[in-house]
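Student: Could you walk me through this structure piece by piece? I'd like to get used to reading sheets and helix packing.

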Amino acid sequence: MKEGNNIIKYKEKIEQLTLQLNEAQETLDAIRTGQVDALVVQHNDGLKLYTLQTADHAYRVFIESMNEGAVSVNRDGIIVYCNATFAAMVHKPLSRIMGKPFIAFLTEKTIPIVENLFIKCWSRNCKAEACLLNKKEEIPVLLSLKTLKIEEHITLSIIVTNLSDLKKSQELLESKNCDLEESNKALEISNHDLQQFASVASHDLQEPLRKIYMFSDLLINNEMKSISPESKLYLEKIISSASRMKTLVVDMLNYSKLSSGNGVVTKVNLAHVIKEVKEDLELVIGEKKAVINSKKLPVIMCNKGQMRQVFQNIIYNALKFSRPNIPPEITISAKIIASNSWDSEEDKNGSYCIISIEDNGIGFDEKYAGNIFNLFERLNSKDAYEGAGIGLSITKKIIEKHCGKINAESQKDKGAKFNLLLPILNNKNI
Amino acid sequence: MHKLRILLVEDDADDRNFFSFFLKDREDLSLLAPLENGVGIIEALEKFKHSNNLPHLIILDQNMPVRTGLQTLQTIKEKACFAEIPVMMYSTYVTAELKKNSLRYGALHVIQKPCDKQGYYKMIDSFLEAVL
């Protein structure tokens, strides 16, 4: 019987306490959300009034509702206050957070970091990354510690920033970077394969081509008596096709070589380049009775071999596309300009230059000015003018690799003018 | 007058034929029986030496099976008694790398395979000019 009475008594007691607890909880909530400005508390020596100032009030609401967790701990690292965000982070009711040591909510690994932090933070503000333990998962956080002294009591305020999203983005970024690296590697391999292919193709294709040429040539020259004039014509066509294909294969190889990027950049005097090109083209220049005038040309940072190819292509074109019975006249001039633009002002100390190569040949219709740099683009029939249509594409590619620009201006039968805009001090290897 | 003895090492039958076809008329040359690859080069040279018939010039094709022209060149240059024989490399397509390596291993010239009689004459004459 006595036990039964006790049970009833305890149940009543529990009910009473629950009521008190609810009341306290309501009061707490009211304070938290800013509904209460003043509290009257009964002490042993009578009633006492606690008021809250308006400024504090705003901060209180702010801290309670902000996205970061806010925690105050005492000298022993025991939590004396925390906001709802922190409670949500560790997935526990406030009643089970207050009065507990802060490190109880950390993963084991990060406890030493924070313990160390707690020692340092009393002398200066500090920050560190740690990991909160949540029922479901670990939450990476940034802890920002600051000590506050209020009326002789020192507390430590900790702002807890959730880094989950940041970490996720970081991980995503890392995995994307990894993917990118892999694609880059694959691209490099395929570029290398292409290079190999171009090299093998150009070599292996030249063997049979050379034989086609040689046997046809043998037929024409050694079997003259036994072949008809018609057969001779066909053989000549075979020979010219073979030699055109050879040009194509060699040019293609040169074009693909440009992509490999092993051009060393040095100081190059363009006047020397022109001199060398003239020597290379000596035969054609002599045949066509061409005159090449070159004005004062600058010294620029570039890859000499590639720049030589540029001038060789343009000058060779000027010689090739000359008007019948009119000796080609080619003028190469230069001006130093202030900025990287075609209409830039002339400036002796500028860091760019425009090199112009002008001829008096057959020229081309202005409307094709943009097309002529395309791969395999031809404006004239291949019967009248040999070539594979790769020369100017190579030229453009080289100029672009040198961070420069190229354009062409012309009118039909009035000569052509090619302009190169190049940086003078382009010192990266290409 | 001494005739210039030339040894060709060439795996391609057409090219061996072209070589003798275009150069057979030149009276200043004596064309030794060509080798089909570089594998037996030392044995062949030993034989020529025995009969006092060593070539004055060896012409090596680069692209040959089993042993390339470059490897054959090295074999010749490593053998002290044959190292002094001038060697010329030729190939359908001469890359900068082939040129560099050939000269480094002691070749006298590196040229593109000729396409006609004139080309073959020029190949031999360029050698004669270099040694005379």
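Below, we go through the sheets, the helix contacts and the chain contact in turn.

Tutor: Before you start, this is a predicted model, where local features need pLDDT of at least 70, side-chain atom pairs count only at pLDDT 80 or more, and totals for chains, interfaces and linings use all residues. Residues are numbered from 1 along each chain as its sequence is written, while chains are lettered from A and ligands numbered from 1 in the order in which they are written.

Student: What is the strand order of the open sheet of five strands in chain B?

Tutor: Helices (H or I, at least four residues) and strands (E, at least two) are DSSP runs, numbered from the N terminus. Two strands pair if DSSP finds at least two bridges between them. The pairing in this chain B sheet is parallel, and the order is 2-1-3-4-5.

Student: Which strands of chain B stand at the edges?

Tutor: Look for strands with a single partner strand, because one side of each is then left without a neighbour in the sheet. From one strand to the next, the twist averages 25 degrees, with angles running from 0 to 180 degrees between N-to-C directions and axes being lines fitted to C-alpha atoms, for helices over the stretch in contact. The edge strands of chain B are strand 2 (29-31) and strand 5.

Student: What handedness does the crossover from strand 1 to strand 2 of chain B have?

Tutor: The chain goes from strand 1 of chain B through helix 1 of chain B to strand 2 of chain B, a β-α-β crossover. To judge it, point the strands away from you: a clockwise path from the first strand over the helix to the second counts as right-handed. This crossover of chain B is right-handed.

Student: What is the bridge partner of B:L8 in strand 3 of chain B?

Tutor: Four bridges join strand 1 of chain B to strand 3 of chain B, and the two run parallel. Within strand 3 of chain B, B:L8 has as its bridge partner B:I59.

Student: Which residue stands opposite B:L60 in strand 4 of chain B?

Tutor: Strand 3 (residues 57-61) and strand 4 of chain B run parallel, with four bridges between them. The residue of strand 4 of chain B opposite B:L60 is B:M89.

Student: And in strand 5 of chain B, what is the bridge partner of B:S91?

Tutor: Strand 4 (residues 87-91) and strand 5 (residues 109-112) of chain B run parallel and share four bridges. In strand 5 of chain B, B:S91 is partnered by B:Q112.

Student: How is helix 1 of chain B oriented relative to helix 5 of chain B?

Tutor: Helix 1 (residues 13-23) and helix 5 (residues 117-131) of chain B pack at about 85 degrees, with axes 9 Å apart. Angles under 35 degrees count as roughly parallel, over 145 as roughly antiparallel, 65 to 115 as roughly perpendicular and the rest as oblique. So helix 1 of chain B and helix 5 of chain B are roughly perpendicular.

Student: Over in chain A, what is the order of the open sheet of five strands?

Tutor: The pairing in this chain A sheet is mixed. Strand 9 (291-294) and strand 13 (405-410) of chain A stand at its edges. The strand order in chain A is 9-11-12-14-13.

Student: Which residue stands opposite A:S294 in strand 11 of chain A?

Tutor: Strand 9 of chain A and strand 11 (residues 329-337) of chain A run parallel, joined by four bridges. In strand 11 of chain A, A:S294 faces A:I332.

Student: Are helix 7 and helix 9 of chain A parallel, perpendicular or oblique to each other?

Tutor: Helix 7 (residues 270-280) and helix 9 (residues 304-320) of chain A have axes 9 Å apart and pack at about 55 degrees. Helix 7 of chain A and helix 9 of chain A are therefore oblique.

Student: How many residues does the contact take from chain A and from chain B?

Tutor: Two residues are in contact if their C-beta atoms, placed from the backbone, lie within 7 Å. The contact takes nine residues from chain A and seven residues from chain B.
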